[in-house]
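Trainee: I have a new model open and I want to learn to read it. Where do I start?

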Amino acid sequence: MFMNQFEYFAPKTPGEAFELMGRLGSKARILAGGTELVILMKDRIIRPECLIDINNIEEFKGIKYEPGKGMVIGATTKIADIQYSEIVKRKYYALADAAGEIGSSQVRHMGTIGGNSCNASPSAETPTPLVAYGATVVVSSATGEREMPLEEFIQGVRMIDLKEGELLTKFKLPEPSPKLVGRYAYMGARDANEIDFVNMAVTLELEDDKQTVKSVKLVMGSVFIKPLISTAVTALLTGQKFSDELAAKAAEATQGEAKPITDVRASAEYRHEIVGVLARRLLKEAFGAAQEV
Ligand SMILES: Cc1cc2nc3c(=O)[nH]c(=O)nc-3n(C[C@H](O)[C@H](O)[C@H](O)COP(=O)(O)OP(=O)(O)OC[C@H]3O[C@@H](n4cnc5c(N)ncnc54)[C@H](O)[C@@H]3O)c2cc1C
């Protein structure tokens with residue numbers, strides 16, 4: 001459990017961080033909350049010579065909401081700040097809900113939303129609702145910025161679209177329609193400090209008749225190498241009057257889309273079953289909530 005010796009840097013501005021990253025190159029690793037990185041270092045899976053702690057850079061943290069424009073969440077914003085934010089709960093309920101399900105209180109107060117995506121674990125909880133709400137990420141370097149949908153930034157297991165010298169600096173969430181509801185659910189071995197077998201988020205909006213689906217998006221986590229958007233659910237439900245039968249059919253379709261694996265936590269067969277159960281449950285829950293808006 002002893003880490004290698006390393007040099008520690010704590011820049012206070014983006015410019016200082018980019019200068020350090022340019023100078024130290026592959027010798028350095030970015031430290032956000034450290035809830036993943038420090039474990040890898042303690043297990044001696046990685047032995048970085050330098051750590052660049054980005055927590056003191058004000059520009060990279062915080063939750064800002066502008067009516068009509070949407071929300072910007074800094075990459076080093078703590079998971080707990082998202083869990084307890086009233087504006088996140090009000091506008092992006094499924095994201096606050098997912099944040100509240102991560103690890104333990106200690107993990108949520110240390111871990112950051114940026115680290116949760118940069119870690120690129122298929123079972124990560126916040127990417128699923130973020131993708132459901134249409135989030136994009138901003139990646140910055142000394143030379144400028146790039147913006148892309150989160151589902152493109154996460155490329156696979158532990159793989160992200162980040163080049164040397166670049167940092168994930170913020171998430172942008174579009175303003176949700178006033179009638180859009182979002183719901184999140186997961187299945188794991190227990191309530192705290194577990195890794196999900198399957199997680200899922202749904203966003204849904206109804207027409208004025210409160211029966212016809214105007215828009216719907218279902219995203220699955222832990223059943224593919226990255227967050228998986230169901231095209232079948234959108235195709236089957238959009239423009240249709242919602243019913244239990246249709247929800248069951250859509251849920252069955254998600255089972256055809258999911259590509260779960262067997263690992264130490266659950267078998268592919270079990271995950272496959274859970275995908276159907278969660279999809280049916282979440283679609284019905286989202287429909288019920290959308291009728292109340
Ligand atoms: C006990 C325990 C329980 C957990 N339970 C859950 C859970 O239920 N659900 C879940 O999703 N996760 C869980 N995790 C995983 C982890 O806590 C989260 O993924 C957390 O959000 C990681 O954020 P961090 O800031 O601590 O990342 P760090 O450990 O600091 O960094 C993780 C990786 O991302 C890189 N990185 C971080 N931020 C940036 C950035 N802005 N730009 C570029 N690279 C960056 C780092 O260099 C590192 O490679 C758990 C972890 C522990 C230890």
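Mentor: Start with pairing. Two strands pair if DSSP finds at least two bridges between them. Now the case here, in what is a predicted model. Strand β13 (residues 213-221) and β14 run antiparallel, joined by two bridges.

Trainee: Which residue in β14 stands opposite Val-219?

Mentor: Ile-229 does.

Trainee: In what order do the strands of that open sheet of four run?

Mentor: First the general idea. Strands of a sheet pair through backbone hydrogen bonds, either parallel or antiparallel. In this sheet the order is β11-β12-β13-β14, and the pairing is antiparallel. β11 and β14 (228-229) are the edge strands, each pairing on one side only.

Trainee: What about the open sheet of five strands?

Mentor: Read it as β4-β5-β10-β6-β7, again with antiparallel pairing. β4 (63-66) and β7 (144-149) have a single partner strand each, so one side of each is left without a neighbour in the sheet. Ignoring direction, neighbouring strands are turned by 20° against each other on average.

Trainee: How many bridges link β4 to β5?

Mentor: Four, in the antiparallel sense, with β5 spanning residues 70-74. Take Ile-63 as one example: its bridge partner in β5 is Ile-73.

Trainee: Now helices. Is helix α5 mostly covered or mostly exposed?

Mentor: Count neighbours. A residue is buried if 20 or more other C-beta atoms lie within 10 Å of its own. In α5 (residues 93-100), seven of the eight residues are buried. They are Tyr-93, Ala-94, Leu-95, Ala-96, Asp-97, Ala-98 and Ala-99.

Trainee: What do the buried residues of α5 pack against?

Mentor: Helices and strands both. The helices are α3 (79-84), α4 (86-91), α6 and α8 (127-132). The strands are β11 (181-187) and β12 (198-206). α5 lies across these two strands, at about 25° to β11.

Trainee: Which strands does α12 lie across?

Mentor: β11, β12 and β13, and α12 runs at about 30° to β12. Look at Ile-274, which sits in helix α12 (residues 268-292). Ile-274 has 25 other C-beta atoms within 10 Å, so it counts as buried. Leaving out residues up to four places away in sequence, Ile-274 touches Met-187, Phe-197 and Val-198. Compare sequence with space too: Ile-274 and Gln-255 are 19 residues apart in sequence, and their C-alpha atoms are 8.8 Å apart.

Trainee: How is the protein chain divided into domains?

Mentor: The assignment gives domain 1 (7-53), domain 2 (58-174) and domain 3 (197-292). The C-alpha centres of domain 1 and domain 2 are 19 Å apart. Between them, 13 residues of domain 1 are in contact with 15 residues of domain 2. On the domain 1 side, helix α1 (residues 14-24) supplies the largest share, five residues. That side has six nonpolar, six polar and one charged residues.

Trainee: Why does the ligand lie between domain 1 and domain 2?

Mentor: Check who lines it. Domain 1 and domain 2 both give residues to the shell around the ligand, so it lies between them. Of the 29 residues around the ligand, Ala-32, Gly-33, Gly-103, Gly-111 and Gly-115 come nearest. Elements giving two or more residues are β2 (28-31), α2 (37-42), α6 (105-110), α7 (113-118) and β10 (167-174).

Trainee: Which element gives the largest share of that shell?

Mentor: α7, with four residues. By class, the shell holds 15 nonpolar, 11 polar and three charged residues.

Key: Residues are numbered from 1 along each chain as its sequence is written. This is a predicted model: local features need pLDDT of at least 70, side-chain atom pairs count only at pLDDT 80 or more; totals for chains, interfaces and linings use all residues. Domain bounds come from an automatic or database domain assignment. Two residues are in contact if their C-beta atoms, placed from the backbone, lie within 7 Å. Ala, Val, Leu, Ile, Met, Phe, Trp, Tyr, Cys and Pro count as nonpolar, Asp, Glu, Lys and Arg as charged, and the others, Gly among them, as polar. A residue is near a molecule or strand if its C-beta atom, placed from the backbone, lies within 6 Å of it. Axes are lines fitted to C-alpha atoms, for helices over the stretch in contact, and angles run from 0 to 180 degrees between N-to-C directions. A residue is buried if 20 or more other C-beta atoms lie within 10 Å of its own, exposed if 12 or fewer, and partly exposed in between; C-beta atoms are placed from the backbone.
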